[in-house]
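Trainee: Could we go through this model together, term by term? I would like to see how each label is reached from its value.

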Amino acid sequence: MESIVTVNQTDIYNDWNYLHEHGETAFKEVNTTKYLAKRLREMGAPFELFDNMTGMIVTLGSGSPMIGIRSDIDALKQTYNGKMGIFHSCGHDAHMSVVLALVQYFVNNPEELKGTLKVIFQPAEETVTGAEKVIKSEKLPHLDVLYGLHVTPESEVKAKEAQPMLEAAATRTLWLTIRGKAAHAGTPQLGANVIDAFTELNEKLRSIKLKTDLPYSVTTTMVHAGESSNIVPDYGTFAIDFRTRTNELMDILQQKIFDAIDNVQKREIKIAVDGNDLSPASIPSEKANSVMRNAIERVLGKEGVVPPKPNQGGDDFHFYAYDGLASESTMLGLGCNLKPGLHIPGMTFEKSSMIDGAKIMIEAVKSTQQEFN
Ligand SMILES: [Zn+2]
């Protein structure tokens with residue numbers, strides 16, 4: 001059945017124009033939050049701000065299922081044409097505009113909302129810290145399903161096409177400090193050289209093998225050690241980036257890396273973990289994917305559905321399912337002829353794809369109860 005959903009195009013373009021020109025970085029989305037609040041008040045959509053944090057949660061409807069929609073709201077500080085600025089080069093301005101249109105739709109058509117809708121305008125996606133703060137705020141009930149969306153580069157999906165799921169890898173970064181014992185370069189046996197220990201560790205990292213056919217990687221991406229050419233260095237820092245297709249493999253890989261670290265800690269060599277940043281992999285959901293696939297079909301036709309394929313990008317959206325707050329989840333990959341790529345200032349996309357995106361997300365919400373009850 002073809003979609004008969006209509007959305008206010010002028011509103012979407014106006015919202016995008018404002019939000020695009022007023023990008024703000026993680027946890028500083030103050031004017032963005034003000035703008036969203038103003039728009040939600042105009043619509044008569046009830047919302048709750050977070051305590052001491054940007055963003056908000058809108059609540060519409062009642063009963064079950066409990067349906068979540070998440071839009072990220074932050075932009076990136078970058079240099080473009082020789083000037084430093086804050087740019088919505090990841091398209092979160094488009095996500096907000098689409099989700100505002102969705103809220104307006106269900107305010108206008110409450111009878112079409114079966115269940116409760118929780119719309120999360122989430123800060124700080126780019127620093128991969130916002131989702132966990134939203135979860136810890138305890139302002140959200142358990143969600144039966146959570147939907148998100150992301151504009152997707154043209155190389156993967158074109159305008160008038162969409163993927164029912166953006167498949168994200170699990171990525172983790174470890175920040176480490178290594179300490180040894182200084183000595184004169186002429187008597188290295190009296191010291192503990194952190195460069196030697198690091199070299200040994202790096203060899204071990206490079207020989208890690210997982211029993212899987214899925215791709216994974218372990219990469220040392222930073223190393224700093226040594227101050228003087230005639231002293232055995234006793235202090236250094238380094239970082240390891242590692243990625244897997246699934247969260248289970250991430251746990252196994254992390255254990256192997258910690259084992260390797262333990263292995264080189266001997267005598268005076270000590271390694272401390274200063275930071276451990278995770279972005280979980282998407283957790284595939286049959287039900288959520290099928291809702292989203294059908295929604296795409298109703299709006300863009302069968303030919304508009306592009307099957308999911310592994311994606312390089314991570315998104316803190318996946319924390320909601322990873323932490324158990326959402327039973328099922330999926331992120332729509334919205335085609336919009338996006339060029340040349342995400343996180344590139346000056347990135348452009350087909351604005352009318354936001355209309356398609358809003359319709360798809362609305363269709364997904366409308367049909368959720370059927371699939372989930
Ligand atoms: Zn993004």
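Mentor: Let us begin with the open sheet, in which 7 strands follow the order 1-2-6-3-7-17-8 with mixed pairing. This is a predicted model, in which local features need pLDDT of at least 70 and side-chain atom pairs count only at pLDDT 80 or more, while totals for chains, interfaces and linings use all residues. Residues are numbered from 1 along each chain as its sequence is written, and side-chain values use heavy atoms, with hydrogens and water left out.

Trainee: What makes strand 1 and strand 8 stand at the edges?

Mentor: Two strands pair if DSSP finds at least two bridges between them, and strands themselves are DSSP runs of E with at least two residues, just as helices are runs of H or I with at least four, both numbered from the N terminus. Strand 1 (47–49) and strand 8 (162–163) each have a single partner strand, so one side of each is left without a neighbour in the sheet.

Trainee: How do you know that strand 3 and strand 6 pair?

Mentor: Strand 3 (residues 66–72) and strand 6 (residues 115–122) run parallel and are joined by 7 bridges, which is to be set against the requirement of at least two. Within this pair, S71 stands opposite F121 in strand 6.

Trainee: Why is L19 called buried?

Mentor: Buried means under 20% relative accessible area, exposed over 50%, and partly exposed in between, with a 1.4 Å probe and protein chains only. L19, in helix 1 (residues 9–21), has 1% relative accessibility and therefore counts as buried. Leaving aside neighbours within four places in sequence, L19 is in contact (heavy atoms within 4.5 Å) with T32, Y35, H88, D93, M96 and S97. The C-alpha atoms of L19 and D93 are separated by 5.5 Å, although the two residues are 74 residues apart along the chain.

Trainee: And why is K204 called partly exposed?

Mentor: K204, in helix 5 (residues 194–206), has a relative accessible area of 28%, and is therefore partly exposed. Not counting residues up to four places away in sequence, K204 touches A260, N263 and V264.

Trainee: What makes C90, H92 and H150 the residues that coordinate the zinc ion?

Mentor: Donors are N, O and S atoms within 2.8 Å of the metal (3.2 Å for Na, K and Ca), and because water is not among the atoms, sites may look incomplete. C90 (SG), H92 (NE2) and H150 (NE2) coordinate the zinc ion at 2.2 to 2.3 Å, and these donors follow the spacing C-x1-H-x57-H along the chain. Both C90 and H92 are buried.

Trainee: Which value of omega goes with the cis peptide bond from S64 to P65?

Mentor: That bond has omega near 5°, and P65 lies in the loop between strand 2 (56–62) and strand 3. The peptide bond from K339 to P340 is also cis, with omega near -15°.
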